[in-house]
Amino acid sequence: VAGCSSAVFSRDGRYIAVLEPAAGGARVYEAASGEWRVALTIDRPTVSALAFSPRNTFLVSWEKLVEGSDGNLLVWRLADGQVACRLKQKNFARDKWPSTPWTDDEALCAQLATGEVQFFDGGAGPGASPPVARLKLPGISKFKLAPGEGEAKRLATFVPEQKGGPAQVRVYEYPRLEAGAYVRSKSFYKAQQVDLHWAPSGSGLLVATHTDEDRTGRSYYGETNLFYIPATQGGKGEGNVPRTKEGPIHDVAWSPVEDVFIVVHGFMPAAVVLYSSDLKPLFSFGGEAARNTIKWAPHGHLVALGGFGNLGGGLDFWDTERKLKLATVDAHMTVGCEWTPDSNFLLTSTLFPRLRVDNGFRLWAADGTVVHKRTAVELEEATLAPAPRGAHPKPPPVQPGPTAAAAGPGRGGAGAG
């Protein structure tokens, strides 16, 4: 596709939505068939963001709101290419996109409004009819639906600090949304912003808090903390995630297949630790190193730990089941990083305009071997088509490569070409 500026796959990899400014809008293609048949054409030149609903019933598009517009957030039906509903959303935030999320079974969709979360019939789309329910919560600035297709539809909400009072994160179970009906509630100070990370089972969530300023003066980037909140009334283990080293939280990520998670934390060189959902440290990934990024393989048996951005580009591959390091390589200038859906390879990319030189991508095997690479003058995006869970069998164990023991603590690793 020529002249595209961004692309996003549907969750199952069947479709790809592409922003094509030169063509005057966006198109959705059938990617899985390999024929690239156009499934939907959006003739709106200023569209700048796209997102699929979980089962591909809808595509949501956003464009800048202009005076006199009848809506800038449009919900399109893929079956007939028609607009199901139009909404107005003045501001766009990447960490809140899509702003009208669906539950995994598309039974419900939700939208943040002033002082409330509105719930709609997921089959009709947000705003197609009046809300079927409302969660009224003054000051709410963020919410996140839990994964899963069961009858219990959970969501986490965040109300930031107000008038000297603490911030609050609460867990609700739809349809019990009346005042005081929350399942769990946790109050925080030093929480101007939060990231909400649901466990894959939906049984609990991690709350990463952040302030713009560290009043102790130990960090230029503000103060961070990490808490775990069970999502059921009888759930145990609520509390601060214990750190093995003083300093900020750089990244946190749940395993895609079980309720364990990894945290990169501490002043550089950082510590990288695997935890259980009851907050017990299970394993430390080698010595301290300059790392700030976690990428789990889809089957959950491998993880890549990178030191990107203002770090040197070191990249470690680990087998989390055997607690075995497989390789340490040099992936300097990496901007994008993701696994193939079969868990066999990791894609790293150097992208424009974040970096204006040496654009391109590399495909790594977990033993540290580069199996493919390509350069480009200006590469704006590199992404991989996902696949439904179970589409690919779990790969056999990988044998450690020659670079597995090449790097000492805090070092970037051996070059791999």
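How many aromatic pairs does the count come to in this protein? The count comes to 15, and I'd like to walk you through two of them. Before that, a reminder that this is a predicted model.

Let's start with the first of my two pairs. Tyr-15 and Phe-52 are stacked, with 6.2 Å from centre to centre and 20 degrees between the planes. This pair connects distant parts of the chain: Tyr-15 sits in strand β2, residues 15–20, while Phe-52 belongs to strand β5, residues 47–52, and 37 residues separate them. Are these two buried or exposed? Tyr-15 is buried, and Phe-52 is buried as well.

My other pair is Phe-285 with Trp-318. Here the arrangement is edge-to-face, at 5.3 Å centre to centre and with 90 degrees between the planes. Again, distant parts of the chain are linked: Phe-285 is in the loop between β23 (281–284) and β24 (293–296), Trp-318 is in strand β26 (residues 314–319), and the two are 33 residues apart. Phe-285 and Trp-318 are both buried.

While we're on rings, have a look at Tyr-228, Trp-254, Phe-261 and Tyr-275, which form one aromatic cluster.

Now let's zoom out to the whole fold. The protein has 32 strands and zero helices. Its radius of gyration is 22 Å, close to the 22 Å that the globule rule gives for 417 residues, so the protein is as compact as a globular protein of that length. Of the 417 residues, 49% are buried.

A word on contacts, too. Taking those between residues at least 6 apart in sequence, 42% join residues at least 24 apart.

And the surface? Its accessible area comes to about 19,600 Å², with 50% of that belonging to carbon and sulfur atoms. As for charges, there are 44 positive and 43 negative ones, and their mean positions lie 3 Å apart.

One last stop, if you'll bear with me: Thr-100. You'll find Thr-100 in the loop between β8 (83–87) and β9 (108–113). Why do we call Thr-100 buried? Because its relative accessible area is 1%, and the cut-off for buried is under 20%. Which residues does Thr-100 touch, leaving out those up to four places away in sequence? They are Val-60, Leu-73, Leu-87, Cys-109, Ala-110, Gln-111 and Pro-126.

Note on methods
Residues numbered from 1 in each chain as written. Predicted model: local features only at pLDDT ≥ 70, side-chain atom pairs only at ≥ 80, totals over all residues. Heavy atoms only, no water. Helix = DSSP H or I, 4+ residues; strand = E, 2+ residues; numbered from the N terminus. Rg over C-alpha atoms; globule rule 2.2 N^0.38 Å. Buried < 20%, exposed > 50% of the residue type's maximum accessible area, 1.4 Å probe, protein only. Contact = heavy atoms within 4.5 Å. Areas by Shrake-Rupley, 256 points an atom, 1.4 Å probe, with all protein chains shown as cover. Lys, Arg positive; Asp, Glu negative; His and termini not counted. Charge placed at Lys NZ, Arg CZ, Asp CG, Glu CD. Phe/Tyr/Trp six-rings, centres within 6.5 Å; stacked < 30°, edge-to-face > 60°.
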